[in-house]
Amino acid sequence: MKAFITLAVVCLVACALAGPVELTAEQKEKAKVHIQECVKQENTPEEDVVKFRNRDIENPSKAFKCLSTCFFERAGTLKNDELQDDVVIAKLGVLIGEEKAKAILEKCKGIKAEDRCETGFKTFQCFHAANAAF
């Protein structure tokens, strides 16, 4: 379970930061399974799955937002619409450095929207924008 959460967080961060993170074949397979589980849970149309895999966040549908939120929840970075500081710093810090991870976390903490899908997606957008600013 811990390895699965690590993989999901790495995938989440890779998507949020739009940077290339080289995953092993095993990690890629686990990420695929993780996405498939969220697709079923959220009843996501194929076009939104393709957009998610391609990191195409322009004009997201509600289904796309719910898919990305499910992914973040399963990764352990988002729980009850709240960022999990320790998980974010531990996983993001490895990729971009702890200080930068803490700065991004502080910028993106506390985002709330009208529902869980909007909250998760707005958090994702914040991570993406915050990383571009550094």
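Start with the aromatic rings: a search of the whole structure finds 5 aromatic pairs. Rings of Phe, Tyr and Trp (its six-membered ring) pair if their centres lie within 6.5 Å; planes under 30 degrees apart count as stacked, over 60 as edge-to-face and the rest as tilted. The model is predicted: local features need pLDDT of at least 70 and side-chain atom pairs count only at pLDDT 80 or more, while totals for chains, interfaces and linings use all residues. Residues are numbered from 1 along each chain as its sequence is written, and side-chain values use heavy atoms, with hydrogens and water left out.

Select Phe52 and Phe64. Their ring centres are 6.0 Å apart and their planes are at 65°, so this pair is edge-to-face. The pair links distant parts of the chain, with Phe52 in helix H3 and Phe64 in helix H4, 12 residues apart. Helices here (H or I, at least four residues) are DSSP runs, numbered from the N terminus. Phe52 is buried at 5% relative accessibility, and Phe64 is buried at 2%. Buried means under 20% relative accessible area, exposed over 50%, and partly exposed in between (1.4 Å probe, protein chains only).

Next, select Phe72 and Phe124. The planes of these two rings are at 25° and the centres 5.7 Å apart, so the pair is stacked. Phe72 belongs to helix H4 and Phe124 to helix H7, 52 residues apart, and the pair links distant parts of the chain. Relative accessibility is 4% for Phe72, which counts as buried, and 6% for Phe124, also buried.

Go back to Phe64 and show Lys51. Lys51 lies over the face of Phe64, at 6.0 Å from the ring centre; a charge sits over a ring if NZ of Lys or CZ of Arg is within 6 Å of the ring centre and within 35 degrees of the ring normal.

Move to Lys65 in helix H4. Is Lys65 buried or exposed? Its relative accessible area is 14%, so Lys65 is buried. Leaving aside neighbours within four places in sequence, Lys65 is in contact (heavy atoms within 4.5 Å) with Pro60, Cys117, Glu118 and Phe121.

Finish at the largest nonpolar core, which has 23 residues. Such a core is a set of buried Ala, Val, Leu, Ile, Met, Phe, Trp, Tyr and Cys residues joined through side-chain atoms within 4.5 Å. The members that touch the most others are Phe52, Leu83, Val88, Leu92, Ile104, Cys108 and Phe127.

Technical notes. Helix = DSSP H or I, 4+ residues; strand = E, 2+ residues; numbered from the N terminus.
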